[in-house]
Amino acid sequence: MHQSATHRRKSASRRRLAAASVGVGLGLFPLAQGAAADETPQAPTFSIAGGRYERTVAVELKAKRGETIRYTTDGSIPQKSSPAYGGKPIRISKDTNLTARAFKGNKVGAFKSAGYLIRKGEQPIARMMILSDVHVGDYGADRDRWTSYFDTIGGVLGKPDAILSNGDMINDNGDGRGKDHQMVARIFKENLQRKGMNATKVLMAYGNHDASLADVRAGYPKEWFPDSGDGYYRTEVKGIPVVTVNTENYSAAQGAWLRTQLAQISANPAYRDLPIIVGGHKPVPGTVLDGQQTANPALAQDMAKFPRAVYFSGHSHLNLNDPRAIHQKNFTAVNDSSSSYIEFDHGYQMLDAEGKLAGRFETPTAQGLAVEIYPGRTVINRINLNADLHDIYTGGKWSANWKPPYQSDGTLAGKPWEIKTAGGDAKVVRNFTYTDANRNRRAPRWTSSHPLSAQTGKDGQLALRIEQAGDDELVYHYKVRVTRADNGDEVLTAKVANRFDVVPIAGSMDIPVPAKRDGTKYRAEVIAVDAQGNQSPVAVKVLK
């Protein structure tokens with residue numbers, strides 16, 4: 001078992017940086033130079049960077065003299081009640097997000113998270129990074145974050161065999177910005193060269209925000225978009241069949257071509273037990289995320305007789321954390337999310353940067369899929385390119401272009417998905433796991449005996465604190481209702497989205513209530529709801 005050269009270089013680089021910034025020492029033990037008494041602790045450093053490893057890793061944490069490091073492995077923000085790091089390396093033997101934070105007296109420092117994929121010697125046939133909705137619009141503004149994103153890709157896949165980008169490479173398609181595709185090509189080429197990914201194959205699909213097909217062809221090397229004239233094509237990656245479709249003009253001719261390709265691949269013994277990777281921009285009806293923002297029912301029908309087909313699509317920007325982001329019936333459909341900004345289902349409110357409830361459905365986080373293909377099975381890892389907590393508005397202006405460094409790059413957005421493709425079609429269908437019949441029915445639960453409490457917000461306003469409920473997948477949102485205790489008049493009703501797209505997730509949420517905290521009594525009722533709609537018991541608290 002070994003660690004790739006990419007990982008060794010990245011780890012050594014971070015160790016040199018750690019030594020340069022904080023000296024020598026571990027956790028609670030003294031260092032050569034201490035922090036000033038009133039200095040807020042910096043984020044601890046990790047001896048081994050996050051990424052993919054083929055062995056158990058032992059991670060050492062470092063901070064300054066007099067600081068106590070506390071850590072979590074459950075995705076939550078470390079608190080004073082979290083385990084203290086005492087110098088003994090933390091052994092990680094399975095997929096884990098490790099988060100660490102330094103404390104000194106009443107000072108609480110910034111946190112740092114790292115995601116570890118542990119594969120223990122497994123060697124895939126092919127490794128692919130699958131992205132969507134790149135949305136590059138300015139070279140200077142977008143270059144830095146893509147430098148970070150390629151560092152993350154290298155961390156989780158080393159030098160991948162392919163990068164598949166499923167459409168919307170640029171921001172606009174009707175304002176003469178077709179040359180922006182050349183800007184995307186420049187950013188990708190620079191990073192491929194910088195990371196030594198010279199053998200990595202780049203393949204692109206056509207999206208609704210992209211310019212004309214002619215502009216796309218002019219913007220990229222022919223091998224990146226090898227279409228025959230109508231935006232669709234077939235190729236291979238390390239012997240894995242890959243078919244790219246044009247969802248913006250899914251014609252009868254394209255449908256006939258696709259059925260022919262899928263039939264030929266299915267009948268070819270060279271492809272036995274392998275997935276058929278199909279990439280396109282828009283999802284198809286009746287599949288991922290309960291059919292949101294879907295198109296082209298004919299495309300779904302054309303794949304229906306080919307259960308080894310795995311259709312990757314983007315467009316919606318909906319997050320990968322959601323268990324509905326993968327779906328199996330006649331074939332497998334997978335949501336790519338977005339590498340520019342994430343969306344939630346509409347109809348929810350979020351806490352903005354000032355702690356106010358706002359009608360938000362977008363967040364400036366970014367995600368992608370690290371796909372490993374083995375004989376008879378495909379493992380899909382959900383990867384955060386940036387999962388830092390930010391608001392989509394800065395100073396009242398919409399912006400998703402948060403600059404690195406990120407404290408969460410390379411963390412995991414959920415457990416891996418595994419697709420089994422060994423055996424004949426009937427066996428493949430029997431092995432489908434992510435079906436409507438298997439939808440999760442386990443409700444969230446309150447893990448605190450007192451999950452609700454009254455807090456004083458800004459200007460003496462009342463705030464309702466909700467201690468996070470637990471769930472085997474994720475708590476998607478909270479249904480909140482606050483009424484006056486004396487007459488039942490409604491003060492607040494809201495569906496508050498839980499920011500599960502960030503790493504680490506906060507242990508509690510303070511919901512502002514439009515009332516002064518002046519002794520008046522209010523009745524709060526809160527229900528935790530998961531992505532499948534399962535609901536916790538109602539938590540009730542009288543606030544005053």
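**Close-up views of a predicted model**

A search of the whole structure, a predicted model, finds 16 aromatic pairs. The legends below take some of these pairs, then the whole chain, then single residues.

**View 1. Phe188 and Trp224 form a tilted aromatic pair.** A pair of aromatic rings is described by the distance of the centres and the angle of the planes. Here the centres of Phe188 and Trp224 lie 6.5 Å apart, with 55° between the planes. The pair links distant parts of the chain, 36 residues apart. Phe188 belongs to helix 3 (residues 180–194). Trp224 sits in the loop between helix 4 (213–219) and strand 12 (233–237). Phe188 is buried, at a relative accessible area of 1%. Trp224 also counts as buried, because its relative accessibility of 7% falls under 20%.

**View 2. Phe225 and Tyr233 form an edge-to-face pair.** Their ring centres are 6.0 Å apart. The planes meet at 80°, so the pair is edge-to-face, the class for angles over 60 degrees. Phe225 is buried, with 2% relative accessible area. Tyr233 is buried too, with 3%.

**View 3. Ring pairs link seven named residues into a cluster: Trp146, Tyr149, Phe150, Phe188, Tyr220, Trp224 and Tyr406.** Phe188 and Trp224, the tilted pair of View 1, are among the members. Tyr406 is another member, and Tyr406 also touches Ser148, the residue shown in View 6.

**View 4. The protein chain as a whole contains 7 helices and 33 strands.** Its radius of gyration is 24 Å, close to the 24 Å that the globule rule gives for 544 residues, so the chain is as compact as a globular protein of that length. The C-alpha trace spans about 70 × 65 × 50 Å along its principal axes. Of the 544 residues, 55% count as buried. Among contacts with a separation of 6 or more, 71% join residues 24 or more positions apart. The chain exposes about 22000 Å², and carbon and sulfur atoms supply 49% of that area. There are 71 positive and 56 negative charges, and their mean positions are 7 Å apart.

**View 5. Phe312 lies in strand 15 (residues 309–313).** Phe312 is buried, with a relative accessible area of 1%. Gly279 is 33 residues away in sequence, yet the two C-alpha atoms are 4.9 Å apart. Leaving out residues up to four places away in sequence, Phe312 touches Ile130, Asn166, Ile277, Val278, Gly279, Gly280, Val334, Asp336, Leu369, Val371 and Ile380.

**View 6. Ser148 has its place in helix 2 (residues 139–157).** Ser148 counts as buried, at 8% relative accessibility. Setting aside residues up to four places away in sequence, Ser148 touches Pro404, Tyr406 and Asp409.

**View 7. Thr483 is found in strand 29 (residues 475–484).** Thr483 counts as buried, at 5% relative accessibility. Beyond residues up to four places away in sequence, Thr483 touches Gly488, Asp489, Glu490, Val491, Tyr522 and Arg523. Leu543 lies 60 residues from Thr483 along the chain, and their C-alpha atoms are separated by 9.9 Å.

How values were computed: Residues numbered from 1 in each chain as written. Predicted model: local features only at pLDDT ≥ 70, side-chain atom pairs only at ≥ 80, totals over all residues. Heavy atoms only, no water. Helix = DSSP H or I, 4+ residues; strand = E, 2+ residues; numbered from the N terminus. Rg over C-alpha atoms; globule rule 2.2 N^0.38 Å. Buried < 20%, exposed > 50% of the residue type's maximum accessible area, 1.4 Å probe, protein only. Contact = heavy atoms within 4.5 Å. Areas by Shrake-Rupley, 256 points an atom, 1.4 Å probe, with all protein chains shown as cover. Lys, Arg positive; Asp, Glu negative; His and termini not counted. Charge placed at Lys NZ, Arg CZ, Asp CG, Glu CD. Phe/Tyr/Trp six-rings, centres within 6.5 Å; stacked < 30°, edge-to-face > 60°.
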